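Good morning, everyone. Please bring up the structure on your screens. I will take you through it contact by contact.

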Amino acid sequence: IMVATVNPKTHTILLTSVPRDFYVTTACDAGDGCMQGALDKITHTGMHGTNTTKRTVEQLLGIEINYTFKVGFDTVTDLVDAVGGVDVTVAPGYAVDKFWTNPAYGVHEGVNHLNGEHALAYARERYAYTEGDRQRTKNQQQVLMGIIDKITSPAIVTNYASIMDSMANTFSTTMSNDEITDLIKYQLNKNPKWKMEQYMVDGTGDTLMCAELGDAASVMVPDQSTVKKAKDKISAVLAGNSSEDVQ
């Protein structure tokens, strides 16, 4: 789960990631049918719809989320291919010959140009890394930053209609068509260069009762200091500052 905090005045985007096993208190609206107030890993909130995940993240981070985007695997492959692929930089020691998620692909140290299937495999991989889901989350942020870098370029922005058509059946959003169009017009007229920042909340592994399962499962117990730091970084960006100033 990724929260994007966008400040159009400073042209800053902060990506805050919450690992799928993060152990949280579930929150939802009355009609969503979740187990309000129960403890579970955040990925299970999706069983009751995007709004339950949204409300739970809002409660966790003490924020209001204006829009939600729900994407599937096809969204990633279609979007990455539609923008001509994305570049990711793999740090020393993180090369992978063959991904478990798709053995047809791997990555080498340095800059890698990924097509849609390759980007999806990179974003899904965790077994190849000793950090597991933590590294997968970082990879997902890299892929998203690569996509944002591409779709904000003038050549791609002017072709946004065909890109949206190619993804019409693979994602859903609460942002209206008019709002999407206004955003595209803003990018075309102002052509700002966005600064990308990133952060991930963290915790420790444990096996605890998960409400939706009615049984114990592997979870990540939140390190509350990282949750506080996430809140402070989001607040900093909204106030016109850099999240990187929050230590």
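Let me begin with a definition. A salt bridge here is a side-chain nitrogen of Lys or Arg within 4 Å of a carboxyl oxygen of Asp or Glu. One caution before we use it: this is a predicted model.

So, salt bridges. How many does a search of the whole structure find? The search finds 11. I will show some of them.

Arg55 forms a salt bridge with Glu58. Their closest N and O atoms are 3.7 Å apart. That is a salt bridge because the cut-off is 4 Å. Both residues lie in helix α1, three residues apart. Three residues is about one turn of the helix. Now look at the surroundings of each partner. Arg55 is partly exposed, with a relative accessible area of 26%. Glu58 is buried, at 10%. Buried means under 20% relative accessible area, so Glu58 qualifies.

Next, find Asp202. Which residue does Asp202 form a salt bridge with? The partner is Arg134, and the closest N and O atoms are 2.7 Å apart. Asp202 lies in the loop between β9 (195-200) and β10 (203-210). Arg134 lies in helix α4. The pair therefore ties together parts that are 68 residues apart in sequence. Asp202 is partly exposed, with a relative accessible area of 24%. Arg134 also counts as partly exposed, at 28% relative accessibility.

Helix α4 comes up again with the next pair. Lys193 forms a salt bridge with Asp149. Here the closest N and O atoms are 3.2 Å apart. Lys193 sits in the loop between α7 (177-190) and β9, and Asp149 sits in helix α4, so this pair links parts that are 44 residues apart in sequence. Is Lys193 buried or exposed? Lys193 counts as exposed, at 64% relative accessibility. Asp149 counts as partly exposed, at 44%.

Salt bridges can also share partners. Such bridges join Asp29, Lys54, Arg55 and Glu58 into one network.

Asn191 has a positive phi of about 45 degrees, although it is not a glycine. Asn191 counts as partly exposed, at 43% relative accessibility.

His11 is another case. Its phi is near 55 degrees, a positive value in a residue other than glycine. Where is His11 found? Look in the loop between β1 (2-7) and β2 (12-17). At 24% relative accessibility, His11 counts as partly exposed.

Now the aromatic rings. A pair of rings is described by the distance of the centres and the angle of the planes. A search of the whole structure finds three aromatic pairs. I will show two of them.

Tyr94 and Tyr129 form a tilted pair. The distance is 6.3 Å centre to centre, with 35 degrees between the planes. Tyr94 lies in the loop between β6 (86-90) and β7 (110-114). Tyr129 lies in the loop between α3 (116-124) and α4 (133-151). So the pair ties together parts that are 35 residues apart in sequence. Tyr94 counts as partly exposed, at 26% relative accessibility. Tyr129 is buried, with a relative accessible area of 7%.

Then take Phe99 and Tyr122. Their ring centres are 6.2 Å apart and their planes stand at 50 degrees, so this pair is tilted. Phe99 lies in the loop between β6 and β7, and Tyr122 lies in helix α3. The pair therefore ties together parts that are 23 residues apart in sequence.

Last stop, the surface. Tyr67, Phe69 and Val71 make a nonpolar surface patch of about 290 Å². Tyr67 is found in the loop between α1 (50-61) and β5 (69-71). Tyr67 is partly exposed, with a relative accessible area of 34%.

That is the tour. Thank you.

Definitions and conventions: Residues numbered from 1 in each chain as written. Predicted model: local features only at pLDDT ≥ 70, side-chain atom pairs only at ≥ 80, totals over all residues. Heavy atoms only, no water. Patch = residues over 30% accessible without salt bridge, like charges linked within 9 Å, V, L, I, M, F, W, Y side chains within 5 Å. Areas by Shrake-Rupley, 256 points an atom, 1.4 Å probe, with all protein chains shown as cover. Helix = DSSP H or I, 4+ residues; strand = E, 2+ residues; numbered from the N terminus. Buried < 20%, exposed > 50% of the residue type's maximum accessible area, 1.4 Å probe, protein only. Phe/Tyr/Trp six-rings, centres within 6.5 Å; stacked < 30°, edge-to-face > 60°.
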